[in-house]
Amino acid sequence: MAKTPADQRLDLLQGTLDMLILRTLMWGPQHGHGIGQAIRTQSDEMLKVETGSLYPALHRLEKKGWLKSEWDISEANQRAKYYRLTAAGKAQLSRERDRWSQMVDAIGRIMNPARDAKE
């Protein structure tokens, strides 16, 4: 039986959602729905952030001072809360990128042990 696109989506590793939200907001302020769409689009439809995960994450990041929000009118002419990255959020994104690179490298060493033996 062929997998449907929904079956092929990847579950986000715990902790990666914050990093993806911060990265998405580097492109400029965005409302919650737009952030979710951007993550899905940029991942070629492999990552879908559920509303039940996205909005609590946005509130958590705002509480930490990494995001600021303000109400505005969306492209659809509806009132929406727009989030933007703060200086502290940019610094956190840099730390998250470094940690992500370390994790990818560590997992790569486990998954491809022969690579290390050749080098």
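Serine 74 counts as buried because its relative accessibility is 12%. Buried here means under 20% relative accessible area, exposed means over 50%, and partly exposed lies in between, with a 1.4 Å probe and protein chains only. The model is predicted: local features need pLDDT of at least 70, side-chain atom pairs count only at pLDDT 80 or more, and totals for chains, interfaces and linings use all residues. Residues are numbered from 1 along each chain as its sequence is written, and side-chain values use heavy atoms, with hydrogens and water left out.

Serine 74 sits in the loop between strand 2 and strand 3. Leaving aside neighbours within four places in sequence, serine 74 is in contact with His31, Ala80 and Tyr82. Contact means heavy atoms within 4.5 Å. Histidine 31 is 43 residues away along the chain, yet its C-alpha atom is 7.8 Å from that of serine 74.

## Overall layout

The protein has six helices and three strands. Along the sequence they follow the pattern α-α-β-α-α-β-β-α-α. Helices (H or I, at least four residues) and strands (E, at least two) are DSSP runs, numbered from the N terminus.

Of the 119 residues in the protein, 29% are buried. Take the contacts between residues at least 6 apart in sequence: 49% of them join residues at least 24 apart. The protein exposes about 8400 Å², and carbon and sulfur atoms supply 52% of that area. Accessible areas come from the Shrake-Rupley method with a 1.4 Å probe; for residues, only the protein chains shown count as cover.

Three strands form an open sheet in the order 1-3-2, with antiparallel pairing. Strand 1 and strand 2 are at the edges with a single partner strand each, so one side of each has no neighbour in the sheet. Two strands pair if DSSP finds at least two bridges between them. Strands of a sheet pair through backbone hydrogen bonds, either parallel or antiparallel.

Strand 1 and strand 3 are antiparallel and joined by two bridges. Glutamine 30 has tyrosine 83 of strand 3 as its bridge partner. Histidine 31 stands opposite tyrosine 82, also in strand 3. That histidine and that tyrosine are both contacts of serine 74.

## The hairpin and its arginine

Strand 2 covers residues 67–73 and runs antiparallel to strand 3, with seven bridges between the two. Isoleucine 73 stands opposite arginine 79 in strand 3. The two strands form a hairpin with five residues between them. In the turn, asparagine 77 has a positive phi of about 60 degrees.

Arginine 79 also meets a ring. Its charged end sits over the ring of tryptophan 71, 4.2 Å from the ring centre. A charge sits over a ring if NZ of Lys or CZ of Arg is within 6 Å of the ring centre and within 35 degrees of the ring normal. A search of the whole structure finds zero aromatic pairs. Such a pair needs rings of Phe, Tyr or Trp (its six-membered ring) with centres within 6.5 Å; planes under 30 degrees apart count as stacked, over 60 as edge-to-face and the rest as tilted.

## Helix 3 and its cover

Which residues of helix 3 are buried? They are Gly32, Gly34, Ile35, Gly36 and Ile39. The cover over these buried residues includes helix 2 (16–25), strand 1 (30–31), helix 4 and strand 3 (79–85).

The loop between helix 3 (32–42) and helix 4 (51–63) contains serine 43. Serine 43 counts as buried because its relative accessibility is 16%. A polar atom of its side chain lies 3.1 Å from the backbone oxygen of arginine 40. A polar contact is a pair of N or O atoms within 3.5 Å; within protein, one must be able to donate a hydrogen and the other to accept it, and residues adjacent in sequence count only if both atoms are side-chain atoms.

Aspartate 44 is in the loop between helix 3 and helix 4. It is not a glycine, but its phi is positive, about 55 degrees. Is aspartate 44 buried or exposed? It counts as exposed, because its relative accessibility is 63%. Glutamate 45 also has its place in the loop between helix 3 and helix 4. Its phi is positive too, near 70 degrees, in a residue other than glycine. Glutamate 45 is partly exposed, with a relative accessible area of 40%.
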